[in-house]
Structure formats: structure tokens, C-alpha cells
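Happy to go through this one with you.

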Amino acid sequence: MADVWSYFANEGDYPDLGEGALAERLAAALAIPTVDGRTADETDWTQFERLVLLFRENYPRVFAAASEERVDHSLVLTIPGSDPSLDPVVFMGHMDVVPVVEGTEGDWDHGPFSGDIADGYVWGRGALDMKDQVVGELEAAEYALSHGWELRRTLMLCLGQDEESLQTGARAIGRMLKERGTRVEFLVDEGDYLVADTAPYGVPGHHGLRVNLAEKGYADVRLTVRGEGGHSSNPFGGTTLAILAEAISRVANDSWPVELTELDRQMLAAVAPWITSGPLAPLVSPRPGETHRDAIDRNADGIAQAFLRDADLFPFVTTTVAPTMIEGGSQQANVMPQDMTATINFRMLPGVGCDRVLSRVRELVADLPVEVELLEDVSNDPSKTSRSDGWGFRVLERVAARYFREPGGGEPLALIPAMVCGASDARMYEGVCDSCLRFSAFVADDEEVARGVHGTNERITTRAYAQGVRFMIGVIREALL
Ligand SMILES: [Zn+2]
């Protein structure tokens with residue numbers, strides 16, 4: 001059924017966890033439709049209250065030991081450690097889920113909010129993104145407390161309310177921590193739920209787990225051309241469509257700087273020992289006395305060019321430009337269009353902010369009658385880049401080595417420092433934490449993630465869920481006791 005299990009090791013740890021009971025408590029959380037309504041007004045916050053009530057019922061020791069704060073509709077639980085000189089560790093997550101696309105409810109084998117457990121899976125919206133990790137974090141904390149483990153370091157659970165839309169919950173929590181002067185040693189937030197194949201680097205058959213340390217920036221730029229329409233027999237000065245097409249073409253064909261970032265270099269260094277064939281092999285191979293990283297630094301420009309030619313790798317070395325929406329246009333061939341707009345989506349490398357995107361687009365179309373505007377509500381600068389040489393990363397490495405290995409008890413899967421294209425809650429904490437580790441130990445097969453995250457039949461195997469809980473317990477043991 002599932003392939004991802006072949007990478008699991010030490011599933012016998014904590015036999016009293018009880019996979020069946022774990023699955024039931026996850027299913028109960030999935031049955032509560034904490035749907036992100038895109039705006040605060042359209043979200044049914046009573047569902048979030050129900051979810052918190054369920055947590056209180058299912059994780060009594062956590063709620064007894066923790067101080068509980070509500071930040072808007074988000075939840076912050078702080079379980080104090082015995083040594084206040086140690087900075088806290090934060091387990092993050094978001095309680096909201098994306099809606100089910102109207103009309104597709106019937107395509108689910110088990111309803112998106114049925115809370116069904118069947119065929120080895122827990123079914124429902126949020127099973128992967130990301131009530132599994134949220135509930136799994138609570139399970140791990142409950143397990144530790146119920147076995148009398150004493151935390152030396154403070155553990156915080158920070159659970160946001162609107163990661164899928166505005167991220168106001170995480171923003172408010174990040175601000176609150178900053179105002180209090182809290183420093184966070186490291187945080188674990190959602191990753192990509194995958195065991196990553198190293199095939200994109202030209203070496204299929206090796207695997208790793210990505211730890212996302214940075215987020216690309218995101219900017220939507222809207223171009224507008226205004227026109228009166230009229231008969232197409234006299235298109236003097238060009239139709240609005242012609243002008244818009246020219247503007248889109250200039251923006252889309254513009255070239256942005258190409259750079260092998262520090263994070264790209266770390267990512268490549270993590271997989272370099274396996275790269276023995278393909279176009280990258282000679283570029284990462286060390287000379288006598290060199291490390292792989294030395295070779296990567298020496299050949300950085302050549303590697304960046306190789307990435308640029310590769311469909312999977314090119315977004316890591318440059319700012320991407322994707323014209324995505326166009327509106328207006330005439331319904332008839334002999335009538336000129338009136339006002340027309342196009343939206344162009346940018347994903348920016350670290351160092352390229354929204355301001356720079358906006359000014360570059362304005363420059364490119366300066367001689368055309370085109371209005372240029374940045375859609376500020378949805379746009380954001382790239383995040384900072386978190387550390388891969390910090391203690392938090394090493395903690396994840398040690399725990400991952402116990403639970404995720406090549407099939408048949410082979411080598412531990414490498415942790416691969418990486419960059420993501422989406423914006424998530426974690427960047428709201430970068431003012432208080434230099435190790436924002438976006439990592440998910442709750443993994444599924446590639447096909448499962450591609451279909452289920454934000455799609456139909458989202459589900460997680462009870463077996464993978466239990467392994468994720470073991471992992472989080474492992475983090476508590478390594479980092480908090
Ligand atoms: Zn998510």
C-alpha cells in the first residue's frame with residue numbers, strides 16, 4: 001500500500017503509545033471543520049473553540065502543566081522547564097485547513113470531515129496539512145508528561161489560526177514574543193511531508209528529508225491598460241490588448257540575477273557525496289584536500305547555470321516570473337477591448353524584495369500607457385535564512401537518524417537544508433528565532449501528498465502518523481529534558 005514505510009526504523013519505540021488510540025484522537029480533530037474562510041469574517045471561529053475544547057479533553061496533562069494563552073483565535077501553550085536560563089523550544093502548527101472545493105465533496109472516498117479511520121488511513125481535510133503534526137505535537141508532550149519526564153527547557157506549542165490565508169495569528173504571536181523579549185532556541189513548523197528523492201540532482205535512488213530554512217518572496221503585480229473600445233477598423237495607437245501583450249512580454253522576458261545562494265550551497269553539499277554521475281558530478285567533486293563544499297564554492301557559477309537549465313532546480317537560483325491572469329478582452333473580433341488587466345506572479349530569491357520587483361516592472365513599461373500596482377495584501381518579501389549549523393538542526397538530525405533510514409535498515413536519511421516557494425507561519429517568528437526549521441516527520445508518499453494536500457482524499461496512514469509522534473517524542477528527549 002504505502003512505500004514511505006520502507007524508510008521507517010525503530011517503530012517499536014514507545015510501544016505503549018497505541019497506534020489505534022492515536023489514530024482515534026487524530027480523527028476526532030479532523031472531524032471538526034476549522035476551515036479557513038480567507039477573511040476573519042468568513043471564518044466560523046466556533047469550530048476553533050470546539051477544537052481547543054477537544055484538545056483540553058484529550059491532553060489533560062498538557063493543559064494542567066501549561067499556561068494557556070489565546071492570541072486572537074490562536075493558541076499558545078507554555079510548559080515551563082525547570083531551568084529558566086534555557087531559551088524555549090517551540091512546536092508550531094496551524095489549526096486551520098483549506099476548504100474543500102465546492103462540488104468535489106462527493107469525490108472523497110470518506111467525507112472530508114467524517115473523521116473516518118479505514119483501510120489503514122485516517123481520512124480528512126488536514127490529515128497532512130497539518131492537523132497530523134499539530135495533534136502529534138500535543139501527543140508527544142502528553143506522553144512526556146504522563147511518564148513523569150521533567151522538562152529542563154520550556155516547551156511552547158504555538159498553534160495558529162489562519163496560515164492558509166492571512167497568517168495574522170502567527171504574526172500576532174511572533175510580535176507578542178518579541179515584545180516580551182523571548183528568544184526561541186529553535187522551532188519546528190510544517191515541512192513538505194515527503195521523503196525526498198535525490199533524482200533532481202542526477203542521482204536517483206538516494207533519499208533525504210528536507211528541512212526548509214527559508215521561504216522565497218511572493219509578489220503579485222497587476223498591469224492595467226485603460227481604453228474606450230470602439231470599432232476595430234481604427235486601432236490607432238494599439239488596442240489595450242496589444243499594449244498589455246507588449247508589457248507582459250517585456251516583464252516575462254526580463255532576466256533576473258542568477259545566483260547560487262548560501263542555502264543552495266548547503267543543500268547541494270548535503271547530497272554531493274552521492275552525486276557521481278550527471279552534469280553536476282564534475283562540479284561538486286572535490287580536488288585532493290578539498291571538501292564537497294569547497295568544490296561547490298569553486299564552481300558556484302557553473303552550478304548555477306546547470307540549475308538554470310533544469311526544470312526542477314531553476315527556481316532555486318533565480319527570481320521567477322509567471323504571468324498568470326488576464327482579464328478584459330473583447331467578445332467580438334471587430335470590437336476593440338476596453339480596460340484590460342494582467343497579473344504577474346513573482347517568487348523572489350533572498351535579497352530581492354517586493355519594492356525591487358515593483359520598481360523593475362515600472363522601469364520596463366515606463367514608455368507604455370500601463371498602470372503598475374503591487375497587490376500588497378498577498379505579497380511579502382523573502383524570509384531570512386535560518387541556520388543549518390545550529391543546535392536545533394543537529395537535534396533534528398540525531399532524531400531523524402533513529403527513525404528514518406534507507407530501506408532495510410540502511411544509512412540514515414540525510415537532512416537536506418532547503419528553500420520553499422510558499423509563505424508560511426514560521427517566518428513570523430524570525431524576529432525571535434534564528435533556527436526556524438520547517439520540517440515534517442509526518443510523511444506520506446509523493447503521490448499522496450500531491451493529491452491530498454489541498455486536494456481530494458487527504459489522508460495519512462496510521463503507521464506514518466505514529467512514526468511522526470515517535471519523532472516528536474524524540475525531539476523532546478533530545479532537546480528538552
Ligand atoms: Zn500548512
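Q: Where should I start, and how is the chain divided?
A: Start by keeping in mind that this is a predicted model. The chain splits into domain 1 (3-199 + 383-479) and domain 2 (217-378). Taken over C-alpha atoms, their centres are 32 Å apart. Domain 1 brings 11 residues to the contact, and domain 2 brings 12 residues.

Q: What area is buried between domain 1 and domain 2?
A: Interface size is often quoted as the accessible area lost when the parts come together. Here domain 1 and domain 2 bury about 1100 Å² between them, with carbon and sulfur atoms giving 73% of that. On the domain 1 side, P417, M419 and C421 supply 47% of the area buried against domain 2, more than any other three residues.

Q: Which protein atoms are the donors of the zinc ion?
A: They are H94 (NE2), D129 (OD), E190 (OE) and E190 (OE), at 1.9 to 2.4 Å from the zinc ion. Along the chain, the donors follow the spacing H-x34-D-x60-E.

Q: Why is the arrangement around the zinc ion called irregular?
A: Look at the angles: the four donor atoms subtend 57 to 146 degrees, so the arrangement counts as irregular. A tetrahedral label would need all angles between 85 and 135 degrees.

Methods:
Residues numbered from 1 in each chain as written. Predicted model: local features only at pLDDT ≥ 70, side-chain atom pairs only at ≥ 80, totals over all residues. Heavy atoms only, no water. Domains from an automatic or database assignment. Contact = heavy atoms within 4.5 Å. Buried area = accessible area lost by both parts, 1.4 Å probe. Donors = N, O, S within 2.8 Å, 3.2 Å for Na, K, Ca; no water. Tetrahedral: all angles 85-135°; square planar, octahedral: opposite > 155°, others 65-115°.
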